[in-house]
Protein chains: 2
Amino acid sequence: MRVTGDQALVKKLNKSIVLDTIRRNGPLSRTDVSERTGLNKATVSNLTLELLEQKLVEETGLGASSGGRKPLMLLFNGAAGCAIGIELGVTLVKAALTDLKGGILLERSAPLGRHDPDTAFAVILEAVRPLLEEAPDTPHGVVGIGIGVPGMVDESGTILYAPNLGWEGVDLGARLEKEFGVPVVVDNEANAGAAGEREYGAGRHVRHLVYVSAGMGIGSGMIIDGQLYKGAWGYAGETGHMSIESDGRLCSCGSRGCWELYASERAYAYAPAAGGSAEGSGDADVRARDAASPSSLPALTTPELAEYARQGDAATLEMYREIGRRLGIGVTNLVNGFNPEKIVVGGPLTEAKEWIEPAMLATIAERALPYHRRELAVSFSELGSRSALLGAAHLAVSQFLGRVRVSL
Amino acid sequence: MRVTGDQALVKKLNKSIVLDTIRRNGPLSRTDVSERTGLNKATVSNLTLELLEQKLVEETGLGASSGGRKPLMLLFNGAAGCAIGIELGVTLVKAALTDLKGGILLERSAPLGRHDPDTAFAVILEAVRPLLEEAPDTPHGVVGIGIGVPGMVDESGTILYAPNLGWEGVDLGARLEKEFGVPVVVDNEANAGAAGEREYGAGRHVRHLVYVSAGMGIGSGMIIDGQLYKGAWGYAGETGHMSIESDGRLCSCGSRGCWELYASERAYAYAPAAGGSAEGSGDADVRARDAASPSSLPALTTPELAEYARQGDAATLEMYREIGRRLGIGVTNLVNGFNPEKIVVGGPLTEAKEWIEPAMLATIAERALPYHRRELAVSFSELGSRSALLGAAHLAVSQFLGRVRVSL
DNA sequence: AGACTTAGTTTATCCGATAGACAAAGTTTT
DNA sequence: AAAACTTTGTCTATCGGATAAACTAAGTCT
């Protein structure tokens, strides 16, 4: 059933507007808030009073006078509660306790040896429990847990399919909720990363954002009008399986030429023979390579390869150049289709950003449509390896604070 | 400045909910509306009264009793006003006068010889003026004009760039508004088509829809959560320039391997030599062809080629099979990235849908991710060549009726 | 004919936003 | 230092709109 209008809705909406305004625009007086939002001073006062009682806002003292009575400044109280963010990786579980502003209070990680859901669940419990126990005493306590997982998640928070974990239909959210008794939000790792960068990182104040997470695969989180876009059933963002080579390499998904085969760590397996330049090689060569030839790279993980790149290894540098180019091709596709304000590239692969960036930017500049690229910003993640972790925590915070939006 | 909540907003929201409910769900009693929307009976009665006074709703008599007093049925009054829809094509201007339900009252079209804005403007005037003059006398008169144009349109309705017309920065909307004195909505042809199919065609009751318009190029209109998605600056949907062949054919946009070079009427220029099967041909062949070889097709327009296809011409059939396959590849990319509920394919190319469809559907079935394709519907336009025309008219109607949306 | 049902309106009440008056606490001018 | 002015924030009366519940209207069923 649809949402209808009544006074409760009005209040919820306005309260959320006031809180958001204070949260985003630092210390403000009641009058400032009134002017910024268009709400009456009295309304702001009333709502602020409630927010003060809920401890979500605090008065931080008097501000500078502008020729009259000094204003009482209001600030969002990040310490009113905590949230837990979890990033479930293939080999590692990272967890953090944060305040409501995304400040990290405690952080833990635990290796993930086996991948079955029960083992993973146990590891998560072990990482989270101490965080819960050591959480500071705050008015609202731990308001929720957010988890980013490497797979597709449906609307109810069930992990439908996580190829790298070998999971299908695991209802992790419900299990954790039962275990800890706090609200749990489960989402895709790329969506969590997008939320993180948009809230705390490279995408602050951006309305339409695409976050590209490149690691062992590629996934995207799309933020449209400030909100995560999840598609009809929650599976949006599987851009790693966008074909950029109609009859290219065969992918594990059954399709061909998927972006992530060329522009993620999966590309390492297809590196050209040493000395061979990818530039001039025709596609026929690519086909031939696919079949057998062992990689010519000196290593097969990003940290190791980054070291070789640092030392100037030609094959490695050439490969990163090609990955950059292919990243640029895919990003261009997203830019032309979506017209985002900003593209943020993150994920483990970006440890090698130094050698990827030039080719990527050049390719986008060459190939994106002129109007689309004119006002487009492209950058790498600001939160580094913590995008998804902080984003997951923010998803929990965001659900707790409860945003209402109206469009005319 | 943001929208804040007050009673006026509540009323606007609820009134729009009531009107929409009646509009979409045929004859309903006040009680039905109350139950469907969750609004109080009294509220529905009040709002309905206003809608009756505005002539947007009418009472159509008593319905069947369900064991008590007979209900007074309410119906949306499509005859309360008119709208004008225009499709500005490269060679043709089509215009229609519709009622508020998208029913066509009058239709006109005029050839477009020269493409300069002044000529086009004159042709549009000539097509529209008689429609305005012969518009029936209705309570609200002509509520607005909607136009679909083959190019990129910014938020203000200015045509930024229309390559096929050779236009750059033409403020068609403002000129028409000044000329006719009614609100004008300008949008991309694909967006208009998407709106048309979503409202009156293959996409009714679909929340997340992608409409792919294939003609001399490819453009997409994306409807997200019932609303057209326009991107950060209004340029979203240029999917025709999504590269599906990283180092493929050089496109006029400067990029390579753009989808529309393989899956729109632009592909006719690259048809393989007669007898040569595209199936087994390597990419090297494609490259070689690009340079010079004249097309082996018996014709170069869709209507003519459709006739050859009907007669079983092998080269034509093979080409449409390949176009179908390439359409499927691009659609798969959109499906994996967007996870829409439904894909609707329309535009001039679909005159040949009979020979395109099998390969397209097979390709999607083969290549789309399992979860994405499981609940996906793919179909061709239901409104045929009128998608954009009716969609444009609907954009005007929709602006007139003024929808309010709230999300929690 | 009487009991029961369903449709739609009327009435009293509640809630929250608003304008404008007012109190509080400054700064500037004389 | 007193008076005049400014800015901040609260208080008060009012208004508009949703709601529940009572009520009227108009049916059906036994």
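Guide: Asp225(A) counts as partly exposed, at 28% relative accessibility. The cut-offs are simple: buried means under 20% relative accessible area, exposed means over 50%, and partly exposed lies in between (1.4 Å probe, protein chains only). Asp225(A) sits in the loop between strand E12 (218–224) and strand E13 (227–229) of chain A. Helices (H or I, at least four residues) and strands (E, at least two) are DSSP runs, numbered from the N terminus. The phi of Asp225(A) is near 55°, a positive value in a residue other than glycine. Most residues other than glycine have a negative phi.

A word on the source. This is a predicted model: local features need pLDDT of at least 70, side-chain atom pairs count only at pLDDT 80 or more, and totals for chains, interfaces and linings use all residues. Residues are numbered from 1 along each chain as its sequence is written, chains are lettered from A and ligands numbered from 1 in the order in which they are written, and side-chain values use heavy atoms, with hydrogens and water left out.

Chain B has a positive phi to show as well. Lys55(B) has a phi near 65°, and this residue is not glycine. Its place is the loop between helix H3 (41–53) and strand E1 (57–62) of chain B. Lys55(B) is partly exposed, with a relative accessible area of 45%.

Asp247(A) lies in the loop between E13 and helix H7 (259–263) of chain A. Asp247(A) is buried, with a relative accessible area of 18%. Asp247(A) forms a salt bridge with Arg325(B), and their closest N and O atoms are 2.9 Å apart. A salt bridge is a side-chain nitrogen of Lys or Arg within 4 Å of a carboxyl oxygen of Asp or Glu. The pair crosses between chains, for Arg325(B) lies in helix H10 (residues 314–338) of chain B.

That takes us to the interface. The rule finds 2 salt bridges across it. It also finds 34 residue pairs in polar contact, both residues at pLDDT 80 or more. A polar contact is a pair of N or O atoms within 3.5 Å; within protein, one must be able to donate a hydrogen and the other to accept it, and residues adjacent in sequence count only if both atoms are side-chain atoms. Helix H1 (residues 7–24) of chain B gives the most to the side of chain B that touches chain A, with 9 residues. The contact (heavy atoms within 4.5 Å) takes 75 residues from chain B and 75 residues from chain A.

Strands meet here too. Strand E16 (residues 405–407) of chain A and strand E16 (residues 405–407) of chain B run antiparallel, joined by 3 bridges. Two strands pair if DSSP finds at least two bridges between them. Val406(A) stands opposite Val406(B).

Last, a salt bridge inside chain A. Arg23(A) and Glu199(A) form one, with the closest N and O atoms 3.5 Å apart. Arg23(A) is in helix H1 (residues 7–24) and Glu199(A) in helix H6 (residues 189–200), so the pair ties together parts that are 176 residues apart in sequence. Both Arg23(A) and Glu199(A) are buried. They belong to a network of salt bridges that also links Asp20(A), Arg24(A) and Arg403(A).
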